[in-house]
Structures are given as structure tokens and as C-alpha cells.
Amino acid sequence: MGLMGETLTQILIPLAAIVGIEFALLQWFLVSKVRVSNVSGLNNGYMNALIEDDEQEEGVDNDEAVEKCAEIQNAISLGATSFLFTEYKYLGIFTVVFGAIIFLFLGSVKGFSTKSEPCSYNPGSLCKPALANAIFSTIAFLLGALTSVLSGFLGMKIATFANARTTLEARKGVGKAFITAFRSGAVMGFLLAANGLLVLFVSIHLFKLYYGDDWEGLYESITGYGLGGSSMALFGRVGGGIYTKAADVGADLVGKVERNIPEDDPRNPAVIADNVGDNVGDIAGMGSDLFGSYAESTCAALFVASISSFGISHDYTAMSYPLIISSMGIVVCLITTLFATDLVEIKNVDEIEPSLKRQLLISTILMTAGIGMVSFFALPSEFTLFNFGTDKIVKNWHLFFCVSIGLWAGLVIGYTTEYYTSNAYSPVQDVADSCRTGAATNVIFGLALGYKSVIIPIFAIAVAIYVSFSMAAMYGIAVSALGMLSTIATGLAIDAYGPISDNAGGIAEMAGMSHKIRERTDALDAAGNTTAAIGKGFAIGSAALVSLALFGAFVSRAGIKTVDVLTPKVFIGLLVGAMLPYWFSAMTMKSVGSAALKMVEEVRRQFNTIPGLMEGRAKPDYATCVKISTDASLKEMIPPGALVILTPLIAGTLFGVETLAGVLAGSLVSGVQVAISASNTGGAWDNAKKYIEAGASEHALSLGPKGSDCHKAAVIGDTIGDPLKDTSGPSLNILIKLMAVESLVFAPFFATHGGLLFKLL
């Protein structure tokens, strides 16, 4: 036994989750102190007191600016809420149907019998019937789906609550605006990490009321939680990604390239849709996505542990090791957040990015110490782990290394991504420089940068896999993925910070605030682009480790002894699996393209037919553009979603578990590369454009002001990169994870009834 007792564990895990939720609410309260409405004279006096005398606003009369901000914020919030409600209506139908499929497939494994049966890994003792597994997997699926949707929705609510507040705070200086944006990001990060942990903890305890001592059945049915989380994330990410990029591409092409008006100009009809898109794609989508990773890595670790000595000897504390690590992560991130908001103040624009990078470093260093403590107190000094039929003897310090290497691999991926996508370093500056000779060279350089940025992350993932597998078999890989995600609250805070500051800039431009304010929000936004890329790097890296762990769990559950690449069954699976990310990307890119086409036509139509629109006398019709984005994304998210969800079902049922194992391995190997290169290429193009626009160095100034040929080439690159970095790239990591977790949930069915074609032949 470890040094922590069972009761202590049962108190500490929910306690950490509750502390996380309370911290999030505290940050929310601090953000809400910034007032956005001017109703009474009292508020007016208050507003003027807010602005220091030496920094009076030049652009617009204060009250008018504040009212405009409030009005725009309201429009964005309404657009995002109505889109998400419509999307969730469709997702509700999907959840019910898919829940029924899970129940029918898993129930049919033993012909819906209610008799107890011998356990699959411990045949001497009796376990609960397969029907129970079917019922509880379905319940876990619904719980995961609900938590995932809630995470995304709450994140969106906070972001639309904070965007105008960030703009107003920018009047007092960049430091104040940064803190507002960062705090709101932290609200989302902590709510998500704490909710995910709490719901999982409570579900395990409720399921235990039925399962009792049958831990194997209990944790097998809990894997449904990860499946629910990820299937919602898939639709949220693809739907949100298509929505945001259709608007963004449409707004950029007509506004910047044809009409020479700035980004987020209120005359541009697509501008509200673009800002709504940031919230539904980058925030709601990202939230569900990281929640999915988090749920799955925990489920994979719990499942592998339940068939090892922890589960067989019923060592509750050691069994809960993944949950204790997540609880530790919440505490560590809480301390880390204070560094950004309270301990260090930002005075200048160039301190923003280092401060965000410091967040990653501080949380990683603190977390390493945390993991050490947890490994020492919660684990017995020696135990055996299940390793494909053989037992592996592992010591507790081995697991410390597994989790830490995942954590540090995450940091390496984050920093590499930052190097390749931030305009402070040479890769992006070279891309910007190549715009001198037009859009074609910009595209060539950008693609090359993306492919090159894959190298270091892949080596980092490879080292993490090798070390953790040789130390603790499949369990090592599962906890290594958890290590990468243990600082999820901080990771999400710096990630959600991006879209919030992007929105803040848009609001400043639309409310007609002065140039100085727009410069401050632009600086926040450029740092936000990089942190968003870092967030995507984390999501992709953790997806690779998570799906490998799930793959291992699937292979053990399906009873495959070895996966041999040389057998034709497996090899055809590998080939098809490696093709899937390309098919998926083709679908999502084409959806963005066709939706953007409609958007461009609509924006052109409005510029040509609404008299006085260019001169600013007439208002554009924002609602039509919002409708185009909404309809396109809801219609277009179905085919890619169906591809991902049906593939494992078809492969497993018709071709059997070996072919399916091949498909999973293939999609993992090719999906990671495509995802990293796509999201870094897009991020680099975006920041190359920002680099030229900001004109902060001699080199940037020589590339011309906004509207020069050089800048137009950069805008074209940015536009091509949009669907890559916000639709295809980030959705691919969900493709990798979702197929693996789905195969694991359906493994009992595939093992019994799978491979119909080969049985017939």
C-alpha cells in the first residue's frame, strides 16, 4: 500500500476539484468588476474615474465608445449562443442515436443475458454480465458528452463576457488588458479541469454502487466517458472551425484584398460572423477537445490499471493515481496563474509573450515536484502491471519518470511550436520576407516551415513513448499522456487568452477607438496567435500519446497477442488508416472553401448594392453573413464526423480486430504529422502578416504598410492558412483519439462478432 489512505484520497480529489471551481469563480468575479454598461449618471462618473487623466481617449467620446463596445459584445454573444444552441440540438439527436448503438452492440456480446460470467483477465472469479457493461458504458458516454458540451459552452460564455472588458481595460494600458484577458482564460481552464475531474470521480463512485468488487467491469464501462467527451469535441471542433473560417476568409478576401479596408472594419458585413467564429471555434471547440483528451487519457490509465495488480488487489489509492495527478495539476496551475495576474505586472507590449511562456515553464517545474510527491505517497513501492499477457514489475519512481517525461515533452512541443509560429524568431520572419516576391513564394516558404516544424515534436513524442513504455508498459504511456495534460488549466488559460484578445481587437476597431488602443490589442492578439498554436501543439501531442495508450488498451481488451505488420490483414489496415487524415482534411478544407465562397459573394453583393456602405453612411447586414456561416457549418460537419465515427465500426465488424488495429496505428502515425504541420503553417502565415502590419522593426517596415503588394501577399498566405490552422489541423487530433477510444469501447463486440468478411470467405 502507498502512504496515502483510501479515505484521504476520497477527500483530496473532490476537494481539489472544488477549489479549482471556486478559483474560477473568483477570477470571473474579478473580470466582472470591469463595467460595460452606462445606465445612470453614477456609472458615468465611475467610467470617467476609470480612465486616468493623462490617458484620455482621443478617438471617440467615452460614453459613446463604451456603449458601442457593449452593443458589439452583445451582438457577438447572441450570435455565439444561438449557433451553439442550434449545434447542440443536432448533437443531442446524435448522442441519443449513438448511445443506443453502444447499448445494442455491447449488449449483444452475450445475447443480452443477465447472468454473471467469469472475468476476462481473472477467470477464477465472477464478474458482472456484459449487459451491465452495455448499460453503464452508455451512461458514461452520455455523462462525457454532457460534460464536454458544458465545458465548451461555459468557455464561450466567459469569452464573450470578457472580450469588450479587455478592450475597455486597454484604455488604461496594456498590462490591465492583459490581466483581464488572461483571467477570463483561466476561468475556462479551471472550470474545465475541475469539472472533468469531479464528474469522473462522482461517476466512478456511483458505478461502484453496482459493480462492487468487479473493478475490471467498472473501469471498462468508464471508458465510455472519454468516448462521449471526444465525439462532442469532434463536432464542436469541425462545426466551429468551418463557421469561423468561412467568415474569416470571406471578410479578409473582400475587405483587405479588394476594398483595402482594415481587418474588423465595421463596414465589412462578415465582421460579426468572424468574431462570433473565434468564440465557437477556438474557444468552445478547443474546450471540448482538451476535455476529451483529458477524459480519455484518464480512462485509458484507469482501464489498464484495473487489469493490473492495483485492480486485482483493490488498492484504491494506487488505482486513483491518474485522478490524484489531475488534482495536483489543478493546485499547481492555481499557483502558476497567480504569477501572471498578481505577482508580476506587465508594463510593456514586449513583456506579453514572455509572460505567457513563463506560465508554461513555471507550471511544468512545479508540476514535476508535484508528481514526485504523488508518486511517493499514493503508490506502493513495487507492483506488477499487465503487459500483453505477461506481468511487469514496476517501482513507484518508474511512474514518476513516465508522468514527468510526458509533461516535459509537452513543454518541448509547446516551445518548438512557439519558435516556429512567433514573429519574434527567424522562421516567421523568413516567411514574411518571402512575401516580397508575391504570394507564391510565401506559400512555398510557409508549407516548408510547417513540414519542418514536425521534426522536434515527433522526436519528443518518440522519446516519451520509448521511456514510458520500457518503464511501465502501456500504463506508462497512459500516465505519460496524463502528465502532458496535467497542467491543462494553465494550457487552456493561455490558449483561450488568444481568441479573447482577438475579439477585443475587433471590438476596438468596430467601436472606432483610437489608434493607440488598437495597437495594444494587436500586440495582445499577436501573442495570442502564438499561444493558440502552442495550445494546438499540446492537443496534438497529447492526442498521440492518448491514442497510443487507448490502442494498447484496445489490443489487450480484444485479446490480440501481437499486432504483426507483415500479415496482410494488418498491413491493409495500416495503409487505409494512414489515408484517413487526408480524406478527413480534404472534407474539412473543401467545406471551408465552399462556405467562404458563399460568404465572399454575399459580402461583395452588399458592397455593390447597399448605397453609402463604403462611406460609412449605411449599416451592413451582418445577420445574413452569420446565417451563411451557421448553415454551412451545421450541414458540412456531418460528413467528416460520419467518416471518423463509422470507420472503426465498419473496420471492426467487417474485417475484425487485427485490421482495425492496423487502421488505428496508421491513422495515428500519419495524423500527427499532418496535424502539426497544418496548424504550424497556418499560425506562421498569420503571424507573418501581423509582423508586416505591425512594422515594429526595420525589416518589417521595409516590407511595406498595410495595403502594399507585400502585405497583400501575406494576407493571401494567412487566408490559405486559416482552414489549415483552425479547421483541419486541430480536428485531426480528435480523429486520432476518437477512433481509438471508440474501438476500445466496442472491443468486446468486435472480439466476439467482428471480422464477418473473413469468416464468410
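Predicted model: local features only at pLDDT ≥ 70, side-chain atom pairs only at ≥ 80, totals over all residues.

Biologist: Let's begin with helices. What are two packed helices described by?

Modeller: Take H5, residues 174-211, and H16, residues 488-510: their axes come within 7 Å and cross at roughly 135°. That angle makes H5 oblique to H16. The crossing of H5 with H16 is right-handed.

Biologist: Which residues of H5 and H16 meet?

Modeller: From H5, the contact includes Phe178, Ala181, Phe182, Gly185, Met188 and Gly189. On the H16 side, Ile488, Ala489, Leu492, Ala493, Tyr497 and Ile500 are among the partners. Sorted by class, the contact has 16 nonpolar residues, three polar and no charged.

Biologist: At what angle do H6 and H22 pack?

Modeller: H6 (residues 215-258) and H22 (residues 709-753) pack at about 165°, with axes 8 Å apart. H6 is therefore roughly antiparallel to H22. This time the crossing is left-handed. The H6 contact with H22 is made up of 17 nonpolar, nine polar and 13 charged residues.

Biologist: And how far apart are the axes of H7 and H17?

Modeller: They are 9 Å apart, and the two helices pack at an angle of about 30°. H7 passes H17 in a left-handed crossing. Along H7, look for Met286, Asp289, Leu290, Ser293 and Glu296, among others; in H17, the residues they meet include Gly535, Lys536, Ala539, Ser542 and Arg557. By class, the contact of H7 with H17 holds ten nonpolar, four polar and four charged residues.

Biologist: How much space lies in the largest pocket?

Modeller: About 870 Å³. It is lined by 33 residues, and those closest to its centre are Asp522, Ala523, Ala526, Ala694 and Ala696.

Biologist: Which helices supply at least two residues of that pocket's lining?

Modeller: H11 (352-378), H16, H17 (515-557) and H20 (638-694) each do. H17 gives the most to the pocket lining, with seven residues. In terms of class, the lining of the largest pocket has 14 nonpolar, eight polar and eleven charged residues.

Biologist: Turning to cavities, how many are there of 30 Å³ or more?

Modeller: The count comes to eleven. The largest cavity has a volume of about 340 Å³.

Biologist: Which residues lie nearest the centre of the largest cavity?

Modeller: Asp502, Asp525, Asn529, Asp686 and Lys690 do, out of 33 lining residues. Two or more lining residues come from each of H6, H7 (271-306), H16, H17, H20 and H22. H17 gives the most to this lining, with eight residues. The class breakdown is worth a look on your screen: three nonpolar, eight polar and 22 charged residues line the largest cavity.

Biologist: What lines the second largest cavity?

Modeller: Its lining is Leu290, Met484, Leu485, Thr487, Ile488, Gly491, Leu492, Gly535 and Phe538, around about 80 Å³ of space. H15 (455-485), H16 and H17 each supply at least two of the lining residues, and the largest share, three residues, comes from H16. Six of the lining residues are nonpolar, three are polar and none is charged.

Biologist: I have met some of those names already. Where else do they turn up?

Modeller: Leu290 and Gly535 belong to the contact of H7 with H17, and Ile488 and Leu492 to the contact of H5 with H16.

Conventions
Residues numbered from 1 in each chain as written. Heavy atoms only, no water. Axes fitted to C-alpha atoms, helices over the stretch in contact; angles between N-to-C directions. Helix = DSSP H or I, 4+ residues; strand = E, 2+ residues; numbered from the N terminus. Parallel < 35°, antiparallel > 145°, perpendicular 65-115°, else oblique. Left-handed = near helix turned anticlockwise from the far one by under 90°. Contact = heavy atoms within 4.5 Å. Nonpolar A, V, L, I, M, F, W, Y, C, P; charged D, E, K, R; others polar. 1 Å grid on protein atoms, 1.4 Å probe; cavity = no way out; pocket = protein on both sides within 12 Å on 5 of 7 lines; lining within 4 Å. Points joined across faces, edges and corners; volume = space filled by probe spheres on them.
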